[in-house]
Amino acid sequence: MTEALSTAAPLGTMTRICRLDEIPRLGARVVRSARHGDIAVFRTATDGVFALHDKCPHKGGPLSQGIVHGNKVTCPLHNWNIELQTGNAMAPDQGCTRGFGARVIDGDVFLQA
Ligand code: FES
């Protein structure tokens with residue numbers, strides 16, 4: 001599912017995206033940002049929430065369509081593993097995708113972008 005992020009909010013503002021249970025566990029929801037492009041908001045098995053640019057550092061694959069395992073997501077194109085907390089590719093692969101702040105407050109997911 002895709003959400004649009006308001007461009008009226010000042011840079012760095014926390015914006016409510018959705019309820020936590022509207023993000024599939026071990027999956028992601030895409031937030032469309034005029035400033036940053038598509039941002040994938042991931043939910044882990046333990047309800048951790050992380051946000052990364054929806055673009056793999058390898059060849060730009062859509063990380064939001066990958067499988068979340070632990071605190072990593074596997075890119076659907078060539079199976080690179082990307083750390084959700086840092087956006088870094090796991091060795092031996094190298095590269096990094098941009099991360100954004102995300103948090104859950106009272107069951108609502110907020111994104112800082
Ligand atoms: S584009 Fe993600 S692993 Fe190649």
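## Close-up views of an all-strand model

**View 1. The side chain of Ser33 reaches the backbone nitrogen of Arg35 at 3.2 Å.** The structure is a predicted model, in which local features need pLDDT of at least 70 and side-chain atom pairs count only at pLDDT 80 or more, while totals for chains, interfaces and linings use all residues. Residues are numbered from 1 along each chain as its sequence is written, and side-chain values use heavy atoms, with hydrogens and water left out. Ser33 lies in strand β3; strands (E, at least two residues) and helices (H or I, at least four) are DSSP runs numbered from the N terminus. With a relative accessible area of 7%, Ser33 is buried. Buried means under 20% relative accessible area, exposed over 50%, and partly exposed in between, for a 1.4 Å probe and protein chains only.

**View 2. Val30 also belongs to strand β3, which spans residues 28–33.** The relative accessible area of Val30 is 11%, so this residue counts as buried. Val41 stands eleven residues away from Val30 along the chain, yet their C-alpha atoms are separated by 6.2 Å.

**View 3. The side chains of Asp108 and Arg19 are joined by a polar contact of 3.1 Å.** A polar contact is a pair of N or O atoms within 3.5 Å; within protein, one must be able to donate a hydrogen and the other to accept it, and residues adjacent in sequence count only if both atoms are side-chain atoms. Asp108 sits in strand β10, residues 108–112, and is buried, at a relative accessible area of 17%. Leaving aside neighbours within four places in sequence, Asp108 is in contact (heavy atoms within 4.5 Å) with Arg16, Cys18, Arg19 and Arg103.

**View 4. The largest nonpolar core holds 14 residues.** Such a core is a set of buried Ala, Val, Leu, Ile, Met, Phe, Trp, Tyr and Cys residues joined through side-chain atoms within 4.5 Å. Phe42, Leu52, Leu63, Val68, Val73, Ile82 and Leu84 touch the most other members. Strands β4 (37–43) and β5 (49–53) are the elements that give two or more residues to this core. A second, separate core has 13 residues, among them Ile23, Ile39, Val41 and Phe100. In soluble globular proteins, nonpolar side chains tend to be buried together.

**View 5. Strands β6, β7 and β8 form an open antiparallel sheet in the order β6-β7-β8.** Two strands pair if DSSP finds at least two bridges between them. Because β6 (67–69) and β8 (81–83) each have a single partner strand, they stand at the edges, and one side of each is left without a neighbour in the sheet. Strand β7 (residues 72–74) pairs with β8 over three bridges in the antiparallel sense. Val73 has Ile82 as its bridge partner in β8. Not counting residues up to four places away in sequence, Val73 touches Phe42, Leu63, Gly66, Ile67, Val68, Trp80, Asn81, Ile82 and Leu84.

**View 6. The whole protein comprises zero helices and ten strands.** Of its 113 residues, 41% are buried. Among the contacts with a separation of 6 or more, 44% involve residues 24 or more positions apart. The accessible surface, from the Shrake-Rupley method with a 1.4 Å probe and, for residues, only the protein chains shown as cover, comes to about 5900 Å², with 48% belonging to carbon and sulfur atoms.
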